[in-house]
Amino acid sequence: MRKRTLILGAASLIAAFVIAGMAQNGTEKAPPLPAGMTGSNANDPRSNLKPGLFDAGEAASGIRHLALLKKPDAFQLGVDPTGPMMDKAMRALGIPSAEMIPVAQRMAFGGLAFANSDIAFQGNRLFLGNFYGINIYDISEPAKTKLLTSMVCPGGQGDVSVYGNLMFMSVEMPNGRLDCGDQGFPPTMPAPGQPPLPAASKDRFRGVRIFDISDISRPKQVGAVQTCRGSHTHTLVKAPQDKENVYIYVSGTSFVRPNEELAGCSDGTPDTNPDTARFRIDIIKVPLAAPQNSRVIASPRIFSDPATGKIDALTDAGSHDNKGRVEPTDQCHDITVFEEIGLAAGACAGNGILLDISNPAEPKRIDSVNDKNYAYWHSASFSNDGKKVLYTDEWGGGLGARCRENDPNVWGADAIFQLGADRKLKFASYYKMPAAQTESENCVAHNGSIVPVPGRDLKVQAWYQGGISIVDFTDAAKPVEVAYFDRGPLDPKMLILGGSWSAYWYNGNIYSSEIARGLDIFELVPTKFISQNEIDAAKTVRLSELNVQSQEQNRWPNKLVVAKAYLDQLERSRGLTTAEIAKYRKAILAAERSRKAGPLKALSAAASQKAASAADANDAARLAGIASVLGDPAF
Amino acid sequence: MNAMTRGILFRTVFFLFFALFPAFAALAQSGPVVVRPGAPGQPTEVLAEGTRPRAVEVTAKDVEFMQGMIMHHAQAVEMTALIEERTDNADLRLLGARISQTQAAEIEQMKRWLAVRGFPAEMDMSSMGGDHSHHMGGHMMPGMLTKAQMDRLRRSKGKEFDRLFLEGMIQHHKGALVMVDDLFGTPGAGQDAELFNFATDIDTSQRGEIRIMREMLERSAGKKE
């Protein structure tokens, strides 16, 4: 989520139901579909679901909902929408009476200040970021997930990462305090005859907080690294040759604080101020043995032109949002690093960029792209082999209704790029969650992660109130939807901030951060688009930690189910004949019963041979995968 | 009960208490806990059960910013309305349409933000103090064009209009940046989540438009030579 339409949605949400006689509702009508473009499908089962906060209609395919954990009391203004707490909270916000707001909507009120945001995982723990702090859950039994700790520490957006006994958190808003206080900075009346107190405050915190989570019930703040623009998102970077430190790439997108508050910060355009805190990212070095000594070690000008030294050298080339006008890129919104291939993909407002991070402390830009259909480059994911990059466009900032029947399916969509051996990005196609959503549903591409089905490139992704969707981008030119889950809008008439912020696969389940409702937990179920073997093969990948923007290559054990998943795919692609597939399946079944690997060796050699002559590269990889598993199966 | 049995009883109770203490402690901790960390290096505090969050106060400056920005935006919309009859410059017409559309929508957002918090969309002039008649021309917000500047813009046509419009709108947009700076530079202001995001976006988008307009001015100046 980013700045622009947060206010749009949040304000319209509050406003729409409060103000009688103003706009009929808080939504914007879709403009006509531009000529030659395709909109969303209004006949999809996800279109026009029943609205509701906790009783909304649902539609799903290939995804089963297991549980919803509502936001804890400490993170919502009123738990009982008719109780006195609610009235009190409303009055604190300057709203004379809760009566002005329909009961069903009261719990979602005050959305943004208490919005759920990004997720990180470690062992059996899930860390759910929130503009107001972080909630930590026990997911050892996913369907019976339990809240362990609510950590209050306001400052938005609460982007979260974990590494060993450390937890990192992004803070960007001016109410962020070093001491995690919830009072912000109350306006102070100067004493009579005295000048007003300065806005600059040493107690303010905007940057990356570092917590020790050795005791999960008592996260302890051990470090806090201030940055000039705060931290909208951050990315944890491990250095292969440096086990004593980790690095944090900080993406700041908001205003630059004054030098009086943080020495060295200054605003301005490059022509008037070459030291401007814009047009850069910040890199924090975290000494693992002494995290309290973490500090910013570099602020590389990654948008510069090395030939001329111009620091604002990247422009968006004119996206649909600015009607052919170029704007300079002065910030990254999010960066995904993939250490195994030494690259990072930056989603940087007007551009998608590629960084060489072989030295994490000195990222070097090696390519950049833009796209006329893109409005705001928001996030990025690599395919597991690092040969594709999927970027997202957060057109309208996340709070606009951007999946209406008349919204083009190439605006606010994923853009899939091939990443060649020359380390250049080449555009292949777009993917957008296909179902038309109503005008009261904020919907646009948002955060997702790779689903580790071997032999396919699958990504599960959040689309705000457009729900979650799994896209298969194995064929970069022809992405297809594999599974989905969606709810009806929070409200039938007005756009209330809500929906899935992040939807991530972790060790066999999908977890989704629902901005207004809470934490959703799902599992995959087989359909004609995904088989049980493929789901089971995905579950063989077990991670001890997952920070999605710090991507790691998935590796599969030599389990027979992995070979079975490849066979299902070869059946689908017709990469093997029915008779051949039957032969493999029979042999695998026999081996599963006998637990003897011997008879599979011959088939392994056959698969290997077949792989060498396969016409399709994906099928060749699947056959090679079968050869590998059958050659040395693990029972 | 003799001394010995008392002693045994005491020891038994004593033993049981310590033997079972971890179990009790664990029981007491089995529910979720609400904590608030301290500043770096400081201990983490356990908050009382039933703790509710606190929303940051809306300040007079926040309200003034929104009311002032409505006035400020209104002039931009007024300026773009002049384009239709005064220039054929396609780039400028496109730019004007965009500014008009964006700022009109933002005016609605600001009005809603104010209304739900019980504030009027217009600034209360009586609170400005002293003789405020000279404020009433609508040029009290930074960067807003004076009446003379607006009249001159209205009277111009073609290339002259294009130049005055771009110069005027750059001045106008720069004023919005000053207002955002002023907001975040005021103690206690700009902490409301929605307001923070709104002001941040104004800053980003108007900065971009200023650059676009500067380039348009430079291009047209270059052509003349």
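In the predicted model, a disulfide (a pair of cysteine sulfur atoms within 2.5 Å) joins Cys332(A) to Cys348(A), with an S to S distance of 2.1 Å. The angle about the S-S bond of Cys332(A) and Cys348(A) is 65 degrees, and this link is right-handed. Distant parts of the chain are linked by the pair, which is 16 residues apart: Cys332(A) is in the loop between E14 and strand E15 (334–338) of chain A, and Cys348(A) is in strand E16 (residues 343–348) of chain A. Strands (E, at least two residues) and helices (H or I, at least four residues) are DSSP runs, numbered from the N terminus. Both Cys332(A) and Cys348(A) are buried; buried means under 20% relative accessible area, exposed over 50%, and partly exposed in between, with a 1.4 Å probe and protein chains only.

The whole structure holds 4 disulfides over all chains. A disulfide is a covalent bond between the sulfur atoms of two cysteines. With the bonded cysteines of chain A numbered in sequence order, the pairing reads 1-2, 3-4, 5-6, 7-8.

Another of these disulfides is formed by Cys153(A) and Cys180(A), whose sulfur atoms are 2.2 Å apart. The torsion about the S-S bond of Cys153(A) and Cys180(A) is about -65 degrees, so this disulfide is left-handed. Because Cys153(A) lies in the loop between strand E6 (146–152) and strand E7 (157–163) of chain A, and Cys180(A) in the loop between strand E8 (166–171) and strand E9 (207–212) of chain A, the pair ties together parts that are 27 residues apart in sequence. Cys153(A) and Cys180(A) are both buried.

Cys403(A) and Cys443(A) also form a disulfide, with their sulfur atoms 2.0 Å apart. This disulfide is left-handed, because the torsion about the S-S bond of Cys403(A) and Cys443(A) is about -80 degrees. Cys403(A) is placed in the loop between strand E20 (388–393) and strand E21 (414–419) of chain A, and Cys443(A) in the loop between strand E22 (425–431) and strand E23 (447–451) of chain A, so parts that are 40 residues apart in sequence are tied together by the pair. Cys403(A) is buried, its relative accessible area being 1%, and Cys443(A) counts as buried at 0% relative accessibility.

Chain A also contains an open sheet of 4 strands in the order E11-E12-E13-E14, with antiparallel pairing; two strands pair if DSSP finds at least two bridges between them. Strand E11 (233–239) and strand E14 (295–298) of chain A are the edge strands, each pairing on one side only. From one strand to the next, the twist averages 35 degrees, with axes fitted as lines to C-alpha atoms and angles running from 0 to 180 degrees between N-to-C directions. Strand E13 (residues 282–287) of chain A is joined to E14(A) by 3 bridges, and the two run antiparallel. Ile284(A) stands opposite Val296(A) in E14(A).

Overall, chain A has 8 helices and 31 strands, and 64% of its 635 residues are buried. Of the contacts (heavy atoms within 4.5 Å) in chain A between residues at least 6 apart in sequence, 64% join residues at least 24 apart.

Residues are numbered from 1 along each chain as its sequence is written, while chains are lettered from A and ligands numbered from 1 in the order in which they are written. As this is a predicted model, local features need pLDDT of at least 70 and side-chain atom pairs count only at pLDDT 80 or more, whereas totals for chains, interfaces and linings use all residues; side-chain values use heavy atoms, with hydrogens and water left out.
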